[in-house]
Amino acid sequence: MASALAPPGPGLALDKGLELVLREAVAALGRPGEGLVAALGAVRAALAAAGGPAALGERERALFGAFLRRLVRAPGAARPEGLWQRCFLEGPPGLVFCVLLEALGSAGSGLDPREVVGVLEQFLQQGRLSALLWEVCQPQAQAGCLELQGTLLNTIVCLPEHVSNKLQGKNPPVFFPQNYFPLLGDAVLQVLEKISDSLRGGLDCSISFVSHVLGKVCVHGRQKEILGVLVPRLTDLTKSDCIWQRICWQLVECVPDRWMEAVVLGFVQSAPGADVLSRLLGNLVVKNKKAQFVVTQKMLLLQYGHTTAVLQNLLGYLSLDSVRRTLLLRVLQELLETWSSSSAVKHSPAEQQLYISKAILICLSHLKEPEIASCRQELLTSMMEGVKCHLESSLPQLRRLGMVVAESISLSINTEGPVLKFEYEEDDETRELKSLLVQTPSFCVVPSLPDDESEKAGAALPLVPESNEKSSTAAPVMPDEESDAELDSDDDLIPYDMSEDKELKIKAPVYIRDCIEVLTGSRSEDVDKWEATIKALESLVRRNPAATREVSVELAKILLHLEEKSCIEGFVALRQRAQVAVLTTDPIPVAEYLTSQFYSLNYSLRQRMDILDVLVLAAQELSCPKFHGKTTHSDVQKPCIQLPPASDSSKGWRRIVDERIKSKTRRFDRGQSRVELASHPNKFSSVAGYFFFPLIQHFDRPLTTFDLLGEDHLVLGRLVHTLAVLMYLAVNTVAVTAMGKALLEFVWALRFHTDSYVRQGLLSCISSLLLSVPTERMLADMTEELLETQSWLGACPMTDCWPFNLLAADLALSAYWMLWDLPAAEREENPLWTCPSLPLVALLDLPQLPLREFPTPCKCSAAMSWVSEVYVRTNRTLCVPHRCLVPPMQCQQCQVHTGGTETAPIVL
């Protein structure tokens, strides 16, 4: 095999002396003795006399290969130390490399694997790897068998794996991938230098094998190691040498298509700038269809994990040549089609939308005025469609992305006319996007400076737009005399002394009906009184519940339609708190009015979402228990007679007396100190249906200006989240089973909605349902629906790309498996069913939901141990005795817990 793998020699005439020496050396290896050292020395001398390894013909190479194989199989005594290694290091590199790898993988070799690896290590350190590559690049070597060259290619690239497998990971440091591939990169550079010298001398040679080595290394994921050596050196060599540029172009063009993606991606990531990438790759994207697909399609539309610098390199490379600029325009059109596609906006993650937005802005920064004029209409059409899709999104990040990109496109196509301008909060992301419209200093050229100095000067010069320069030169400077003459004469007047003036306080109304009159009035002089009324309305409603109930619906209507007359700080919060106060004071009629208005005509989306917010806040306030009773402790001191202050000597007398009593008192047991909590009725229990069922009734009936299943999916998402919170707050209520069944049907109808915010709310609804509806009612009334829901939750990780939705689906599915997917026999014996007092809400903590306290009558240690096992399986920590979502070492109640007593309240 070794002789077959060896590239053929130049075909010189047979040298009888070398043949005789090789035959004598093979015979000497069969009979170890004193003549072995002389025979090996004669082989070295004859090889040098023949002109070195490069001068060997095919027959000499075959004889030399047989000699090396016989040397490998010889016993240790027949191999003089140091001499046999030099025979390998001085022989033909391709033949030697193949024989050594054959010996490394063969079980019948007389050499120890560590000895073979030692010779390979010397082979690499003495630069024989570059000689091996150069030998294969010769024209006569290229005429050999391609299959044998492929085998040699695999052994070169996979050498660290071969050595590591043989030595079981105990290989020398030179065979570590982080060390071997930079060494291979140095060898490639040496071969490229020899190729450059050959071309300058008029000799022919091939670079295809080096290209194959580069492609194979890159496809194995080692682009960083080998290109970290190649790219800096090639960057310097190609600055002013056209031959080196042609060598680099030929190097990447000869890479096979199956490895082209890895090579192109490695060069794009390693190049320090687009101009360097243009020198290294040339017009590769025009000549090679695979490279064109990778650059114009895959890296821009199918991937989104690359950095902004990679995008700038890639698109800048397309813009630096007139032949490639047609691809730049085509790329921009395809990016705009994706950016303006409503389906892409709904189904692709926000990270990909940001990536595409960056690519669009970089493309716009490279376009010239004639190119913009040629595609102005297409840009305008894509801008209008794309900004519409982004503004309809329920995610603030996507809406802001649409605004920034639309402003940039408008600025590019309307350089002199009016441009789009949106109002949004600027953050680091938007500032980075806007900075991409300005080309980086690497594209600015200063002709009067050399290359190195121009780069430094370009980085130091600020980029000033032409409009700023014109405006700065056109602005005249006013002399001091003229500016003094234009001073206003009123500046000489003496101001009034207003230090003792006091602000007039407007008295707020003290009756509810007076507030209604003020809020419905239209006189402009009542603005101050109107402000005072808004600020005092909440407290007035809570102090006068009886008077509020008489006009509750009318007051709710006024507050729903109330608009801000003056600039009041926190007006929206003041109005919302007043609405919540009215709703909690008279829940049934006000809830009926608000839920009926949610599906009425002539309301804005903001008003409908305000209704949902008020319903959630009021439900939370009604469901929270209020403790009005006294809290008593077992160790509270009883009242005693208050003594007047005594002298210093009598201070601390009570402490001394308590210590004496404690030392003489024998205690058999100390009871647990407990806090007696007074119970209070849950006001939300009787009105939960009035909040819930009207909201879920008419969601599928479109109105003229309101379509939840159409364009108004933002409001639908808020509605779904509202229903989830109401379901969560309705635990232990009479209507919770009916609410759960209706909510499950509602979720099933919308489970395949295209908006991620809506799907996130649906998953929250499932979690709230599992926590709130009693176990026995779910088993009895919703078995089939729950089985279908389980199938849907299991498919969510394969169909949903949003991370939070995947987390919510995982939590909901975990709760489902914990509660329902148990065999019948195990279910009957499970502590969760034998201990009905265990609150199921301890099994799943929902984020962004109101906090609650539950009494804890559970004394079942088996149930709590089962819950602990569940939490271990779901990678969560739990204090088992007190069901806190913290490790037991952080629980403050663990010190007072005993197995036979009741635990303290659960707080989620």
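Q: Leaving out neighbours within four places in sequence, what is Leu301 in contact with?
A: Leu301 touches Glu334, Leu335, Thr338 and Gln352, once neighbours within four places in sequence are set aside. Contact here is heavy atoms within 4.5 Å. This is a predicted model, where local features need pLDDT of at least 70, side-chain atom pairs count only at pLDDT 80 or more, and totals for chains, interfaces and linings use all residues. Residues are numbered from 1 along each chain as its sequence is written, and side-chain values use heavy atoms, with hydrogens and water left out.

Q: Which helix is Leu301 in?
A: Helix α19, residues 289–302. Helices are DSSP runs (H or I, at least four residues), numbered from the N terminus.

Q: Is Leu301 buried or exposed?
A: Leu301 counts as buried because its relative accessibility is 16%. Buried is under 20% relative accessible area, exposed over 50%, and partly exposed in between (1.4 Å probe, protein chains only).

Q: And Gln352, where does that sit?
A: Gln352 is in helix α23, residues 350–366. Gln352 is buried too, at 14% relative accessible area.

Q: What does the Gln352 side chain reach?
A: The backbone oxygen of Leu301, at 3.2 Å. Beyond neighbours within four places in sequence, Gln352 is in contact with Leu301 and Tyr304.

Q: Switching to α16: how far apart are its end C-alpha atoms?
A: They are 20 Å apart, which agrees with the 20 Å that 14 residues (257–270) should span at 1.5 Å a residue. The expected span is 1.5 Å times one less than the number of residues.

Q: Which residues of α16 are buried?
A: Among them are Trp259, Met260, Phe267 and Val268.

Conventions:
Helices (H or I, at least four residues) and strands (E, at least two) are DSSP runs, numbered from the N terminus. A polar contact is a pair of N or O atoms within 3.5 Å; within protein, one must be able to donate a hydrogen and the other to accept it, and residues adjacent in sequence count only if both atoms are side-chain atoms.
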